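Biologist: I would like a close look at a single part of this model. Please keep the answer plain.

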Amino acid sequence: MPLVLPTPRALAEFVGRELAASDWFVVAQERIDQFAEATGDHQWIHTNPERAGRESPYRTTIAHGFLTLSLLSQMMQQAIVVQGVRWAINYGLNRVRFPAPVRAGSKIRARFNLHSLKNVDGGVEAVYEVTVEAQGEEKPCCAAEWIVRYYV
């Protein structure tokens, strides 16, 4: 069940705190292959399960880091609903790291902490510290500082 906020300004009470976590979902090989097709990145460590099983230190294919990053929007929609918004934009990222791989077939989820919130012309700018974790893994597979602008 997502956290539902009536307006973007209601985010203010969460600065410095975790807001919510997304549901777990499986990053299947089919999704990895579709991402490879869309981006043209067909490196064998992503798309060749047989070779990855033999040669990769992970013993299976892994998701592209950019695939993991691109799933943030989907995971945010599962975790947080901000109402009273005319439109929202992905304003960018301050930093991104991929400390651990996402193995094909892994379940991942994102945890959203609100780092800061400031007023901008026509709305607010939220900076989220996002951690994507793979079930059963010690290290996160993605850590990002994500900027979203909500216009009211």
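How do the residues that line the largest pocket divide into nonpolar, polar and charged?

Modeller: This is a predicted model, in which local features need pLDDT of at least 70 and side-chain atom pairs count only at pLDDT 80 or more, while totals for chains, interfaces and linings use all residues. Residues are numbered from 1 along each chain as its sequence is written, and side-chain values use heavy atoms, without hydrogens or water. The lining of the largest pocket has ten nonpolar residues, three polar and no charged (Ala, Val, Leu, Ile, Met, Phe, Trp, Tyr, Cys and Pro are nonpolar, Asp, Glu, Lys and Arg charged, the others, Gly among them, polar). The volume of this pocket is about 250 Å³ (a pocket is an open set of points on a 1 Å grid, for a 1.4 Å probe, with protein on both sides within 12 Å along at least five of seven lines; lining residues have an atom within 4 Å of a point; the volume is the space filled by probe spheres on the points, joined across faces, edges and corners). Of its 13 lining residues, Met 76, Gln 77, Ala 88, Val 148 and Tyr 150 are the closest to the centre. Two or more lining residues come from each of helix H5 (72–79), strand S4 (80–82), strand S5 (87–97) and strand S8 (142–151) (DSSP runs numbered from the N terminus: helices are H or I, at least four residues; strands are E, at least two). The whole protein chain has five helices and eight strands, and from the N terminus the order is β-β-β-α-α-α-α-α-β-β-β-β-β. Its C-alpha trace spans about 50 × 30 × 25 Å along the principal axes.
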